[in-house]
Amino acid sequence: MISSDRMAAVDENSEALGVPRKQLMESSGNAVARAVRDLADPGASVVIVAGRGNNGGDAFVAARFLDEYDVSVRLLGRPGSISTDIARENWDALQSAEYDAEAVTDSKDLSLGDPDVVVDAMLGTGVTGALREPEATAAEAMNDLDATVVAVDVPSGVNADTGEAEGVAVDADRVVTFHDDKPGLPDLDCEVTVADIGIPPAAEAFVGPGDLRSVREGVRGGDSRVFVIGGGPYTGAPALSGQSSLRAGADLTFVAAPSKVSGQIQGYAEDLIVQDYEGDHLTPDQVDGLVETAHDYDDVVVLGPGLGNDDETLEAAKEFLEQFEGKAVVDADALAVVSEVDTDATLVCTPNRKELATMGGPDVDGPLRDAREEIESFAADLGHVVVAKAAEDVVSDGERTRLVRAGTPAMTVGGTGDILAGIVAGLLGTQDPFDAACAGPFVNGRAAELLDDERAGGLLASDLLQTIPRAIRGEEE
């Protein structure tokens, strides 16, 4: 099964892999036509009631595969308001080829006649809520017909994820849905056919631009704060994480660091707010205050960049995670304590292959994708999301696992992992942890790809900061 949001993401990923949506629409329309041919003999009358989105576009295609039938198409609304180019192209094709295809701009003018089959192609899986006009009147008209009703993807008015309807909905006899079943369809009293329309498995397995749909909607406006707990022996790492979290959508970023290095960290960027504490490294004495701050401000925490592996520091990291109950990205030296901590926090762990083995995960010499089942099992045992970093990243929450292959060879330079931790934290303010964990490394990799050739050859981790927003927006080179 696949949710409507995930289906939209997979559609976009498929296009990025080289399978254009116009091609998918052609396959979808063909599948709808096959269903009609299964239900009625040649010569039967078929009325297609189409909306102005891609659901209607699927039905426009279907009309071209039903030449042995008496087909008429009724578009609800003006042709100029068709919302996508590919749906409009298929409507124009019907007009040019002189099919019986008319626009209905007033629901009072909708006349369906007495067809043998009516095709409901008004609204697709991405539309929820009660039907408005003219769709509500059209749904009632279809339900009053003594005809077999075929719904495209989902009956209009029905929530594809829940099977529920808020008011009138099309009472379909058969649903032709695409790629995979939808969660709400098994609850309907009708036959459901799942049509393979040629979406490659990689569109689901690999994170792609479609996985940034909700990220693009959530950037800014989320009132999110990121609290980076890092620094001590190293100063650049927490600064990189803090800056990248801002680039990825955080409204404010605070860095908690020892007083010995706080000034240096502040000097990297005026956008960072640095809160210092006494000493030259993190110790258990600071934990209560850090936890209180994180809880008081509902912060997303980044724990680990530049902390070092002093015994006191590792004990402090352990105590922090035991007390903290919010969302955190755990990176670098702090990863070593995760497997021994009982915590109510929601964690996204970002180990490289060496850190993964240290945590108790698989020790992988070859490509991480070859060990994705072992990584998924480890994430399930750990109870947290794992982003295993390599040339191809593996992201798993123990039930779902995806691969990320965005990036360039130049990303082996130090600091790109700190950038990643900050990006994931910036996204966690508005996103589900698994979604943020998938989108983070994709954005990180795309940010590197967007740099010009000269810069990519001598990449610095800080270079990625300028292209993170473009990577999120989906801009090309």
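Helix α14 (416–428) supplies the largest share of the lining of the second largest pocket, namely 4 residues, in what is a predicted model. Together with α15, α14 belongs to the elements that each give at least two residues to this lining. The pocket holds about 690 Å³ of space and is lined by 30 residues, with Lys389, Met411, Val413, Thr416 and Gly417 lying nearest its centre. Sorted by class, the lining of the second largest pocket comprises 12 nonpolar, 11 polar and 7 charged residues.

Helix α15 turns up again in the largest pocket, where α1 (4–16), α2 (21–39), α3 (54–64), α7 (213–218) and α15 each contribute two or more lining residues. Here α1 gives the most, with 7 residues. The space in the largest pocket amounts to about 1,100 Å³. Of the 43 residues that line the largest pocket, Ser4, Met7, Ala8, Asp11 and Arg213 are nearest its centre. Its lining divides into 15 nonpolar, 15 polar and 13 charged residues.

A closer look at Val395 gives a picture of its surroundings. Beyond its neighbours within four places in sequence, Val395 is in contact with Val385, Val386, Val387, Arg400, Thr401, Arg402, Val404, Phe434, Ala437, Cys438 and Pro441.

Definitions and conventions. Residues numbered from 1 in each chain as written. Predicted model: local features only at pLDDT ≥ 70, side-chain atom pairs only at ≥ 80, totals over all residues. Heavy atoms only, no water. Contact = heavy atoms within 4.5 Å. 1 Å grid on protein atoms, 1.4 Å probe; cavity = no way out; pocket = protein on both sides within 12 Å on 5 of 7 lines; lining within 4 Å. Points joined across faces, edges and corners; volume = space filled by probe spheres on them. Nonpolar A, V, L, I, M, F, W, Y, C, P; charged D, E, K, R; others polar.
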